[in-house]
Amino acid sequence: MTIAAFAPYQTLAEGLLPHTLDGSSDGSHDFSHLLRVWKNAQAIQAAEGGNQEILVAATLLHDCISVEKNSPLRAQASRFAAEKASRVLVDLGWSLSQVAATAHAIEAHSFSAGIKPTTLEAKIVQDADRLDAIGMVGVARCFYIAGRMSSGLYDPDDPQAFDRGFDDRRFALDHFHTKLFKLVAGFNTETGAKIAQARQQRLRRFFDEFLEEI
């Protein structure tokens with residue numbers, strides 16, 4: 001595992017790693033996801049500022065509680081993760097203010113939680129995580145998750161849902177409309193928004209070319 005990616009906070013990363021993934025087998029929320037979110041967070045932090053230590057901890061622990069996408073508890077997953085992260089960081093001797101800042105960044109990162117980030121670090125973590133949901137990686141994750149949920153690729157009778165409601169629990173392609181295309185409008189930082197625009201174009205291009213093939 002590439003702990004060196006979290007330099008100069010490798011020691012912190014090594015201490016947090018056992019708590020990061022909750023034994024989940026979800027390949028869309030694995031260590032490679034954490035590395036990509038951290039890469040995004042670094043790119044945003046380099047331009048926008050923010051406390052790197054809090055960003056490292058929030059990135060590594062933002063999915064530390066695993067709740068499946070089709071669970072009725074899904075909207076509470078980030079709160080559960082924030083609570084677990086707080087316990088972990090207190091045990092590491094972090095100050096209450098650092099713990100609170102990290103917990104807020106974790107709780108606010110989730111799209112389904114609907115919590116507005118109020119700190120720069122929380123804005124960066126939310127942007128960094130959402131960047132991993134769009135672009136080509138976002139496409140791959142969308143269809144991977146659909147497979148885990150036993151969803152179809154699309155509705156063969158009405159792939160664009162002209163005469164039905166969108167249902168992304170049944171059809172992966174519907175998820176582009178119910179969530180993925182909406183993400184680009186919700187970025188908090190100028191840097192994150194700029195990266196999102198480029199990835200949104202890739203997302204739209206995939207969608208359009210997919211429709212041509214069916």
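1. Setting aside residues up to four places away in sequence, A108 touches I115, K116, P117 and Q126. This alanine is found in helix 5, which covers residues 96-108, and the model in which it sits is a predicted one. At 0% relative accessibility A108 counts as buried, because buried means a value under 20%.

2. The axes of helix 5 and helix 6 come within 8 Å and cross at roughly 35°, and the crossing is right-handed. On the side of helix 5 the contact is made by H104, A105 and A108, while helix 6 contributes E121, A122, V125 and Q126. Sorted by class, the residues of this contact are four nonpolar, two polar and one charged.

3. Helix 3 deserves a careful look in the structure above. Eight of its 10 residues are buried, so that the helix is mostly covered, and the buried ones are I54, L55, V56, A57, A58, T59, L60 and L61. These buried residues pack against helix 1 (10-16), helix 2 (31-48), helix 4 (77-91), helix 5 and helix 6 (120-131).

4. The largest nonpolar core has 55 residues, and L16 and F176 are those with the most contacts inside it. Helix 3, which spans residues 52-61, supplies the largest share of this core, namely seven residues. For F176 the partners can be listed: leaving aside neighbours within four places in sequence, F176 is in contact with V139, C142, F143, F181, L203, F206 and F207.

5. Which way does helix 8 run relative to helix 9? The axes of helix 8 (residues 174-183) and helix 9 (residues 190-213) come within 11 Å and cross at roughly 160°, which makes helix 8 roughly antiparallel to helix 9, because angles over 145 degrees are counted in that way. The crossing of these two helices is left-handed. The contact is made by F176, H177, L180 and F181 of helix 8 together with Q200, L203, R204, F206 and F207 of helix 9, and by class it has six nonpolar, two polar and one charged residues.

6. Is each of them buried or exposed? S150, at 69% relative accessibility, counts as exposed, whereas A161, at 10% relative accessibility, counts as buried.

7. The peptide bond from A7 to P8 is cis, with omega near 5°, and P8 lies in the segment before helix 1.

Methods. Residues are numbered from 1 along each chain as its sequence is written. This is a predicted model: local features need pLDDT of at least 70, side-chain atom pairs count only at pLDDT 80 or more; totals for chains, interfaces and linings use all residues. Side-chain values use heavy atoms; hydrogens and water are left out. A nonpolar core is a set of buried Ala, Val, Leu, Ile, Met, Phe, Trp, Tyr and Cys residues joined through side-chain atoms within 4.5 Å. Buried means under 20% relative accessible area, exposed over 50%, partly exposed in between (1.4 Å probe, protein chains only). Helices (H or I, at least four residues) and strands (E, at least two) are DSSP runs, numbered from the N terminus. Contact means heavy atoms within 4.5 Å. Axes are lines fitted to C-alpha atoms, for helices over the stretch in contact, and angles run from 0 to 180 degrees between N-to-C directions. Angles under 35 degrees count as roughly parallel, over 145 as roughly antiparallel, 65 to 115 as roughly perpendicular and the rest as oblique. A crossing is left-handed if the near helix is turned anticlockwise from the far one by less than a right angle, and right-handed if clockwise. Ala, Val, Leu, Ile, Met, Phe, Trp, Tyr, Cys and Pro count as nonpolar, Asp, Glu, Lys and Arg as charged, and the others, Gly among them, as polar.
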